[in-house]
Amino acid sequence: MMRRGFAAAVAVAAMGLSATGCGGGQKPSDDAKGDRPTAGAKADADAEIVADGDYAGPEELPERLAADGTTIVVGDPDAPVAVRLYEDPRCPVCEEFEVRGGAPELRRAAVRREARIEYVLASFLDDRVGGSGSKKAVNALRAALDAGKFAEYHDVLYAHQPEESVDGFTDAYLLKLAGRVEGLRGPAFDSAVKTMKYRSFVTAAEKAYERAGGAEEPGGPGTPTADINGVRIPAEYNGVLFDPEVFGTLLTRIRKDPEGWKESVF
């Protein structure tokens with residue numbers, strides 16, 4: 001019964017919710033390209049992430065590069081729920097998830113040591129719509145990891161994401177946004193951004209993303225896509241990612257019954 005219980009709950013929760021994404025043969029919805037949040041709105045969202053549990057806030061979350069060399073892990077490595085996210089920094093649907101969708105609930109769970117977040121950063125949109133903004137942003141995010149500021153910088157980039165067609169993640173804009181993260185700007189970070197220091201990481205991360213699509217999606221899954229404790233939320237149900245209450249409840253249920261979730265059949 002549990003095998004069907006989780007899958008049925010996700011399916012019911014996803015009814016009526018958008019199931020769009022960048023890549024994976026899908027196009028972003030017009031709604032996903034709505035008004036960008038203001039700096040004040042971002043500050044309000046950050047204020048909601050209060051000290052709750054073992055970490056005072058997202059700025060205290062541990063972060064590291066996984067042994068595979070392409071996954072950036074944020075949060076307690078022993079957290080019972082592991083959420084692997086596939087994202088492209090230019091993807092407007094990823095922005096919807098990160099700013100207005102379920103991502104704030106995921107960050108709260110990470111602060112409470114209930115979840116860890118495993119980021120696989122794609123850059124396919126550069127080839128699809130032109131430009132180099134995705135690659136430059138992924139490179140800058142990797143540089144932020146070296147400074148111990150990945151989680152904070154990641155949030156800032158999505159809160160101030162340029163329109164997808166503009167290719168606005170230039171060196172100058174990435175450095176300007178880095179100024180919003182205390183302690184990030186400096187000779188090492190600035191040089192890494194300007195010289196594309198982590199170009200090999202950008203390429204390897206994109207290849208890891210493409211492999212994640214498997215035979216069904218050889219170019220990679222749509223973004224955002226989430227694997228939770230090794231179980232992928234199917235594209236047709238990914239609307240659950242965009243409802244904060246639904247996604248938060250799902251994370252809590254998985255934490256309480258991880259084995260039942262692993263046995264889910266969609």
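Predicted model: local features only at pLDDT ≥ 70, side-chain atom pairs only at ≥ 80, totals over all residues.
Local features are described only where pLDDT is at least 70, and side-chain atom pairs only at pLDDT 80 or more, whereas totals for chains, interfaces and linings use all residues. Residues are numbered from 1 along each chain as its sequence is written, and side-chain values use heavy atoms, with hydrogens and water left out.

**View 1. Helix H3 (residues 92-100) is largely enclosed by the rest of the structure, because seven of its nine residues are buried.** Buried means under 20% relative accessible area, exposed over 50%, and partly exposed in between (1.4 Å probe, protein chains only). Helices (H or I, at least four residues) and strands (E, at least two) are DSSP runs, numbered from the N terminus. The buried residues of H3 are Pro92, Val93, Cys94, Glu95, Glu96, Phe97 and Glu98. Their cover includes strands S3 (81-87) and S4 (115-121), together with helices H4 (103-111), H7 (150-159) and H11 (244-256).

**View 2. Helix H11 has a buried side and a face turned away from it.** Phe247, Gly248, Leu250, Leu251 and Ile254 are buried in H11. These residues lie on the same side of H11, because they cover an arc of only 160° around the axis (the arc of the directions from the helix axis to the C-beta atoms). Exposed Glu245 and Lys256 are carried by the face turned away from the buried side. At the N-terminal end, Asp243 caps H11, with a side-chain oxygen 3.1 Å from the backbone nitrogen of Glu245.

**View 3. The second largest cavity has a volume of about 50 Å³.** On a 1 Å grid over the protein atoms alone, a cavity is a set of points where a 1.4 Å probe fits but cannot get out, and lining residues have an atom within 4 Å of a point. The lining consists of Pro58, Leu61, Val74, Arg107, Ile117, Tyr119, Ala151 and Asp155. S4 and H7 are the elements that give two or more residues to this lining.

**View 4. Thr223 is found in the loop between helix H10 (199-212) and strand S5 (225-228).** Thr223 is buried, with a relative accessible area of 0%. Contact means heavy atoms within 4.5 Å. Leaving aside neighbours within four places in sequence, the contacts of Thr223 include Gly21, Cys22, Tyr86, Val93, Cys94 and Tyr209.

**View 5. Val265 lies in the segment after helix H12 (258-262).** Val265 counts as partly exposed, at 46% relative accessibility. Val231 is 34 residues from Val265 in sequence, and their C-alpha atoms are 9.1 Å apart in space.

Note on methods. Polar contact = N/O pair within 3.5 Å; in protein donor to acceptor, adjacent residues only side chain to side chain. 1 Å grid on protein atoms, 1.4 Å probe; cavity = no way out; pocket = protein on both sides within 12 Å on 5 of 7 lines; lining within 4 Å. Points joined across faces, edges and corners; volume = space filled by probe spheres on them.
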